[in-house]
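This report is meant for a reader new to the structure. Please look over the sequence and the model before reading on.

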Amino acid sequence: MKSIDINQALPQILELIDMAFAGEEILITKNNYQTIKITPFSPANQRPLLFGCDQDRISMSDDFDQPLDDFQDYL
């Protein structure tokens, strides 16, 4: 992790950003106190959608497409 004073960082901010893109963390200090941290952004890891991930959780009866007895008068 690189630490640099804000007065030195301003003229070379583009170089510092390129370093952050490369994976380095940079601390920018003012009066010897850490004020800003530049790090590469990484989005939250999301679980990829998996085909068949709900297998054995959802079931369907063999006669799911048969007419219901309650509706025999309407058929």
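The sections below cover the strands, the turn, the core, the surface and the segment after the strands.

## Strand pairing

The model described here is predicted. Strand 1, residues 2-5, pairs with strand 2 in the parallel sense, and four bridges link them. Strand 2 is also joined to strand 3 by five bridges, and these two strands run antiparallel.

Strand 2 is mostly covered, with four of its five residues buried.

## The turn between strands 2 and 3

Strand 2 and strand 3 make a hairpin, and two residues lie between them. Asn-31 is in this loop, and so is Asn-32, in the loop between strand 2 and strand 3.

Asn-31 is not a glycine, yet its phi is positive, at about 55°. Asn-32, also a residue other than glycine, has a positive phi near 65°. Asn-31 is exposed because its relative accessible area is 61%, and the cut-off for exposed is over 50%. Asn-32 counts as exposed at 76% relative accessibility.

## The nonpolar core

Which residues form the largest nonpolar core? This core has seven residues: Ile-4, Ala-9, Leu-16, Ala-20, Ile-26, Ile-28 and Ile-38. Helix 2 (13-21) and strand 2 (26-30) are the elements that give two or more residues to this core.

Ile-28, a member of the core, has a list of contacts beyond its neighbours within four places in sequence. Among them are Ile-4, Ala-9 and Ile-38, which also belong to the core. Ile-28 is in contact with Asp-5, Ile-6, Tyr-33, Gln-34, Thr-35 and Ile-36 as well.

Ile-13, Leu-14, Ile-17 and Phe-21 make a nonpolar surface patch of about 420 Å².

Leu-14, one of the patch residues, has its place in helix 2. Is Leu-14 buried or exposed? Leu-14 is exposed, because its relative accessible area is 63%.

## The segment after strand 3

Asp-65 lies in the segment after strand 3, the strand that spans 33-38. With a relative accessibility of 56%, Asp-65 counts as exposed.

Asp-65 and Asp-18 are 47 residues apart along the chain, and their C-alpha atoms are separated by 61 Å.

Notes: Residues are numbered from 1 along each chain as its sequence is written. This is a predicted model: local features need pLDDT of at least 70, side-chain atom pairs count only at pLDDT 80 or more; totals for chains, interfaces and linings use all residues. Side-chain values use heavy atoms; hydrogens and water are left out. Buried means under 20% relative accessible area, exposed over 50%, partly exposed in between (1.4 Å probe, protein chains only). A nonpolar core is a set of buried Ala, Val, Leu, Ile, Met, Phe, Trp, Tyr and Cys residues joined through side-chain atoms within 4.5 Å. Contact means heavy atoms within 4.5 Å. Patches are made of residues with over 30% relative accessible area and no salt bridge: like charges are joined within 9 Å, nonpolar side chains (Val, Leu, Ile, Met, Phe, Trp, Tyr) within 5 Å. Accessible areas come from the Shrake-Rupley method with a 1.4 Å probe; for residues, only the protein chains shown count as cover. A salt bridge is a side-chain nitrogen of Lys or Arg within 4 Å of a carboxyl oxygen of Asp or Glu. Two strands pair if DSSP finds at least two bridges between them.
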